[in-house]
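Hi there,

I am passing a structure over to you, and below it you will find some notes on what turned up. Please have a look at it first and then read on.

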Amino acid sequence: MSESAGRPRQPSSSRSSALVGAGIFLSRVFGLGRQTLIAMYLGAGPVADAFNGAFRVTNIIQNLFGEGALSASFIPVYVKAVERGDQQEADRVASAVASILALTCAIMVGVGIAATPIAVKFIVGGYEAEKLALTIRLTRILFPGAGIFVMGAWCLGILNSHRRFFLSYAAPVFWNIAMIAALLVYGPRRGEVDLSVALAWASVVGAALLFSVQLPTVLGLVHHFRPRIDHTYPPVREVVRNFLPAFVTRGAVQLSGYVDIYLASSLPDGLVTLIANAQNIYLLPISLFGMAVSAAELPELSRDSGTDADAYARLRARLNTALPRVAFFVVPSAVGFLVLGEAISGVLLQHGKFGATASHRTWAILAGSAFGLVASALGRLYSSTFFALRDTRTPLAFAIARVVLTGGLGYLFAFPLPRLLGLPAWTGGAGLTLSAGIAGWFEFLLLRRAVTRRIGATGIPLGNLARLWAAAGLSGVGGWLVMRSMDPGHQTVRSIVALVTFALVYGTVTLALGVPEAKGIVGRVTRR
């Protein structure tokens with residue numbers, strides 16, 4: 001009997017990813033409600049741009065030190081200690097990482113508040129006059145919340161390592177609730193500037209709630225929490241050593257987004273807000289399916305990691321099982337963004353001060369994002385494979401290449417290309433998201449080739465992909481016909497009918513074509 005045959009049956013990651021997905025779905029539902037209210041009360045003007053710009057500036061801390069980089073470096077080391085049953089080592093690693101993070105974030109928040117004008121000019125350099133002044137004011141309010149978010153990411157790492165997935169991904173609901181409450185209380189009564197200030201303070205309160213609801217469970221899992229900067233302990237040194245390349249990789253990926261925002265800040269008023277709104281919609285399938293599966297897989301991949309043939313075979317099996325699950329949901333999402341972006345934007349955003357013109361422009365920007373959606377979602381799984389192998393340097397090189405490509409293409413697609421084609425300046429926003437999608441495919445192809453060289457052939461069978469794209473295409477036709485046949489005066493009703501039609505056609509066609517993921521979903525539902 002082979003060694004692999006004698007191993008105990010590994011827990012299915014489908015249940016874990018379902019828990020992650022459920023938590024993310026709940027959080028995103030409240031997040032979309034928050035975004036709808038922000039659009040209703042702030043529209044797509046200078047104040048909305050200032051708030052979204054400030055949010056992106058403070059997100060630097062959260063994005064660099066948060067879930068991505070921390071999970072890549074911390075979870076593989078912590079999981080190994082947990083799996084060995086070495087509670088002392090696990091507790092010592094968790095305590096040291098929390099202490100190092102808390103100190104680092106406190107310093108970063110202090111520096112960020114002091115250097116806010118410089119940071120704002122660096123990220124949204126096209127802002128001027130009152131919009132610039134308001135962005136600086138909001139950024140100073142938001143910075144402490146970003147630091148608290150990072151400590152929430154430490155909680156997530158502990159919880160995920162112990163397969164407590166739902167709480168960590170549902171916790172942002174409390175952040176959204178705090179902001180929704182501020183919008184409902186102050187939205188009808190305050191002007192746009194005062195509302196944006198109240199909203200910024202609500203974000204900080206919400207971040208504190210997000211951290212607080214996770215902490216009791218985390219402290220129950222870390223039996224002996226002893227905060228201290230234990231940087232000489234070998235497992236902690238390994239976390240720090242792995243963190244630096246992951247930090248730079250995460251920074252490179254985020255730099256790509258900040259390049260887009262910097263360029264967008266020089267486009268007409270409202271484009272930063274429109275891109276932010278489109279990004280929130282675009283991230284929904286990325287979060288629900290790409291992040292859900294990759295977050296659930298990382299601890300399991302880390303448990304299966306090794307350098308022998310059996311370990312590589314287990315990694316391939318997990319990866320080749322996870323990839324089709326993500327593609328099943330992300331492929332129709334890409335088609336939906338392209339064909340039914342008008343319906344999506346109409347339902348979520350076209351209310352109050354956010355008019356039809358802003359909604360249609362959001363659709364164009366969302367259509368640009370659709371091009372790279374599949375690559376971004378699947379790329380997360382390949383990155384998780386490298387992180388499980390404790391290789392954070394290979395994704396770093398690819399991320400840097402992506403940033404360079406994004407910057408060059410982004411400038412060309414945002415400014416010279418619209419002028420050359422005689423298009424209005426606002427179309428540069430769609431050019432930015434399209435260029436980011438092209439760069440995303442470039443990075444994905446590099447990641448897939450490198451993983452294949454390391455552990456063997458991976459991917460989705462072409463026949464399966466063809467069936468998914470065919471089903472998504474037919475669904476898009478069905479949704480588009482509904483949009484064209486119903487009265488545009490009833491925007492919300494026709495949009496909802498079109499989206500429901502799209503989903504029903506996709507489910508029916510994939511079942512008829514025998515797509516395993518569709519059959520699996522129906523089987524689980526009927527069993528329950």
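Of the 528 residues of the protein chain, 56% count as buried, where buried means under 20% relative accessible area, exposed means over 50%, and partly exposed is in between (1.4 Å probe, protein chains only). Please keep in mind that this is a predicted model, in which local features need pLDDT of at least 70, side-chain atom pairs count only at pLDDT 80 or more, and totals for chains, interfaces and linings use all residues. Residues are numbered from 1 along each chain as its sequence is written, and side-chain values use heavy atoms, with hydrogens and water left out.

The protein chain has 21 helices and zero strands; these are DSSP runs numbered from the N terminus, with helices (H or I) of at least four residues and strands (E) of at least two. Among the contacts with a separation of 6 or more, 86% come from residues 24 or more positions apart, a contact being heavy atoms within 4.5 Å. The chain exposes about 21300 Å², and 66% of that is supplied by carbon and sulfur atoms (Shrake-Rupley method, 1.4 Å probe).

The axes of α13 (residues 309-348) and α15 (residues 373-388) come within 8 Å and cross at roughly 160°. Axes here are lines fitted to C-alpha atoms over the stretch in contact, with angles from 0 to 180 degrees between N-to-C directions. α13 and α15 are therefore roughly antiparallel, a label for angles over 145 degrees. Their crossing is right-handed, that is, the near helix is turned clockwise from the far one by less than a right angle. Residues of α13 including L319, V326 and F337 meet residues of α15, among them L373, L381 and Y382. The residues of this contact divide into 15 nonpolar, two polar and no charged; Ala, Val, Leu, Ile, Met, Phe, Trp, Tyr, Cys and Pro count as nonpolar, Asp, Glu, Lys and Arg as charged, and the others, Gly among them, as polar.

The other pair is α5 (residues 87-114) and α7, with axes that come within 9 Å and cross at roughly 165°. α5 and α7 are therefore roughly antiparallel too, and α5 passes α7 in a right-handed crossing. In α5, A94, L101 and C105 are among the residues that meet α7, where R140, F143 and W154 are included. The residues of the α5 contact with α7 divide into 15 nonpolar, two polar and one charged.

A129 is not a glycine, yet has a positive phi of about 50°. A129 is exposed, with a relative accessible area of 63%.

Best wishes

Methods:
Angles under 35 degrees count as roughly parallel, over 145 as roughly antiparallel, 65 to 115 as roughly perpendicular and the rest as oblique.
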